[in-house]
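Let's take a walk through this one together, starting with the whole chain and then zooming in on a few side chains. Have the model open as you read.

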Amino acid sequence: MDNKKDLRDELDDLIGDFKEGAKKASDKADEFSKDAKEKAKDFAHAVDEAFDRATGNNKKVLAGILAILLGGFGAHKFVLGYVKEGIILLMITLVISIMSFGFLSFLVWIFTLIEGIIYLTKSDEEFYMTYQVEKRPWF
């Protein structure tokens, strides 16, 4: 009987140790999870800041190239966040193209070519202030 009682006591001790170890492991996992979430938030914030700093130059080049290549479709206006102006430019292009069977659509392209060149020749700071801060949609 003593052997069974001793075995039972040892088993209870082992189970108690196991529960204590599992509790410590759970606490460590929670701590690790909290640290990982905090580090992920810090990383996401750093990425957002880096993207915000780079956005001015990236939008300048992208908007300039789109104005030159796809200007009549208003793609550069959409990239800069000028949805209304992009739709206006697209409608003007469609109306002129339909009315002239496409012969006068080059007029819109000349307008957007000039706009694209203006975008690309501005300094990064000037472009950012003019088109992204002040939100000036035309030239």
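Of the chain's 139 residues, 22% count as buried. Keep in mind that what you're looking at is a predicted model.

As for secondary structure, the chain has five helices and zero strands. Read from the N terminus, the order of elements is simply α-α-α-α-α.

Now zoom in on helix α4, which covers residues 106–121. Thr112 sits in this helix. Is Thr112 buried or exposed? Its relative accessible area is 0%, and since anything under 20% counts as buried, Thr112 is buried. And which residues does Thr112 touch? Leaving aside residues up to four places away in sequence, its contacts are Ala67, Ile68, Gly71, Gly72, His76 and Leu89.

Next, the aromatic residues. Searching the whole structure turns up three aromatic pairs. One of them joins Tyr119 and Phe127: the ring centres are 5.5 Å apart and the planes meet at 80 degrees, so this pair is edge-to-face. The cut-off behind that label is an angle over 60 degrees. Tyr119 is buried, with a relative accessible area of 0%, and Phe127 is buried with a value of 0% too.

Phe127 also pairs with Tyr131. Here the centres lie 5.1 Å apart and the planes are at 45 degrees, so the pair is tilted. An angle of 45 degrees falls between the limits of 30 for stacked and 60 for edge-to-face. Where do these two residues sit? Both Phe127 and Tyr131 belong to helix α5, residues 124–133, and they are four residues apart, about one turn of the helix. Like Phe127, Tyr131 is buried.

Key
Residues are numbered from 1 along each chain as its sequence is written. This is a predicted model: local features need pLDDT of at least 70, side-chain atom pairs count only at pLDDT 80 or more; totals for chains, interfaces and linings use all residues. Side-chain values use heavy atoms; hydrogens and water are left out. Helices (H or I, at least four residues) and strands (E, at least two) are DSSP runs, numbered from the N terminus. Buried means under 20% relative accessible area, exposed over 50%, partly exposed in between (1.4 Å probe, protein chains only). Contact means heavy atoms within 4.5 Å. Rings of Phe, Tyr and Trp (its six-membered ring) pair if their centres lie within 6.5 Å; planes under 30 degrees apart count as stacked, over 60 as edge-to-face and the rest as tilted.
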